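I opened a notebook on this structure today. These are my entries, in the order I looked things up.

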Amino acid sequence: MAASESSPRPVVVVTEGGPHIWAIVNALADRVGPVSVILETPESKKRLLLGRARRQGWISATGQLGTMVLTRLGKRFLAGHAARLVAEEKLETEPRPGQAIIHVPSANGPECLKEITNIKPGVVLLAGCRLLSKDTLAKMPCPVLNYHAGIAPKYRGMNGGYWALACGDLQNFGTTVHLVDAGVDTGGVLKQARGKPKPGDSIASYALRQAAFSRGICVEAVNDALAGKFATIDPRLPSKQWFHPTIWFYLWTGLTKRVW
């Protein structure tokens, strides 16, 4: 599909990467125009574990790490389901030839800010990357949006789709594009999309499923930002930040509620 219109200024996506993110990047390239991707180096598992242990205690942090390891192993065993999902939803989950990719150590570092300043984009879309500090945001030369795989503010933080299902809140299995502030998914909500998981979906594939029905709102939000339109909406939902489930909660919920 050719780009529907040529954007007056470039679009930048800042991310750690992943198949679901490339599906969104390629949709933006088709329907908005060329996209430059700034790819940050993922934080080490050791640093993540230490940070979570400081915030939540070692028991929770270790339990969360267990779920992350299990999920990674699960992706290998469930690769066939993911491949069918990608084919059915016509997702492009790899960078295209010629895709502009710039590598930086951190989305919140001076190298990333320097690259964005050099590109002079009309909008920056964050998608699965580190939080940006107040100082970094203050130096941004354009609006900054975030693609969040959950319905904000009710499911801020990690694994928003999983937590909606684990809480029996199927109607809020969805995603959000919002303005970025220094909080965790607390900026003004611009767009939201809701969908449904399908048989065989699990915590290993929810992000792909969500990306499939969320490409449209990412395109709409980026186009609106390029046009200088920022109409926020009030979802009228409570606000809560979520983290990875612990391995014992994940297994209990899978066995008792069939939410994997």
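I count helices (H or I, at least four residues) and strands (E, at least two) as DSSP runs, numbered from the N terminus. The model is predicted, so local features need pLDDT of at least 70, side-chain atom pairs count only at pLDDT 80 or more, and totals for chains, interfaces and linings use all residues. Residues are numbered from 1 along each chain as its sequence is written, and side-chain values use heavy atoms, with hydrogens and water left out.

**Entry: the cavity.** I searched the whole structure and found one cavity of 30 Å³ or more. (On a 1 Å grid over the protein atoms alone, a cavity is a set of points where a 1.4 Å probe fits but cannot get out; a pocket is an open set with protein on both sides within 12 Å along at least five of seven lines; lining residues have an atom within 4 Å of a point.) The largest cavity holds about 40 Å³. Its lining is Lys 45, Leu 48, Leu 49, Arg 52, Ala 61, Leu 65 and Met 68. Helix 2 (45-56) and helix 3 each give two or more of these residues. Helix 2 supplies the largest share, four residues.

**Entry: helix 3 again.** I looked at helix 3 (residues 58-77) against helix 10 (residues 247-257): they pack at about 55°, with axes 7 Å apart. (Axes are lines fitted to C-alpha atoms, for helices over the stretch in contact, and angles run from 0 to 180 degrees between N-to-C directions.) From helix 3, Ile 59, Gly 63, Gly 66, Thr 67 and Leu 70 make the contact. Helix 10 brings Ile 247, Trp 248, Tyr 250 and Leu 251. (Contact means heavy atoms within 4.5 Å.)

Entry: In what order do the seven strands of the open sheet stand? I read 3-2-1-4-5-7-8, with mixed pairing. (Two strands pair if DSSP finds at least two bridges between them.) Strand 3 (100-104) and strand 8 (189-194) are at the edges with a single partner strand each, so one side of each has no neighbour in the sheet. Strand 7 (residues 174-179) and strand 8 run antiparallel, joined by five bridges. Thr 175 is opposite Ala 193 in strand 8. Helix 9 lies across strands 1, 4, 5, 7 and 8, at about 165° to strand 8.

**Entry: a pocket.** I noted twelve lining residues for the second largest pocket. Asn 26, Ala 27, Asp 30, Lys 90 and Arg 215 lie nearest its centre. Helix 1 gives the largest share, five residues.

Notes:
Grid points are joined across faces, edges and corners, and a volume is the space filled by probe spheres set on the points.
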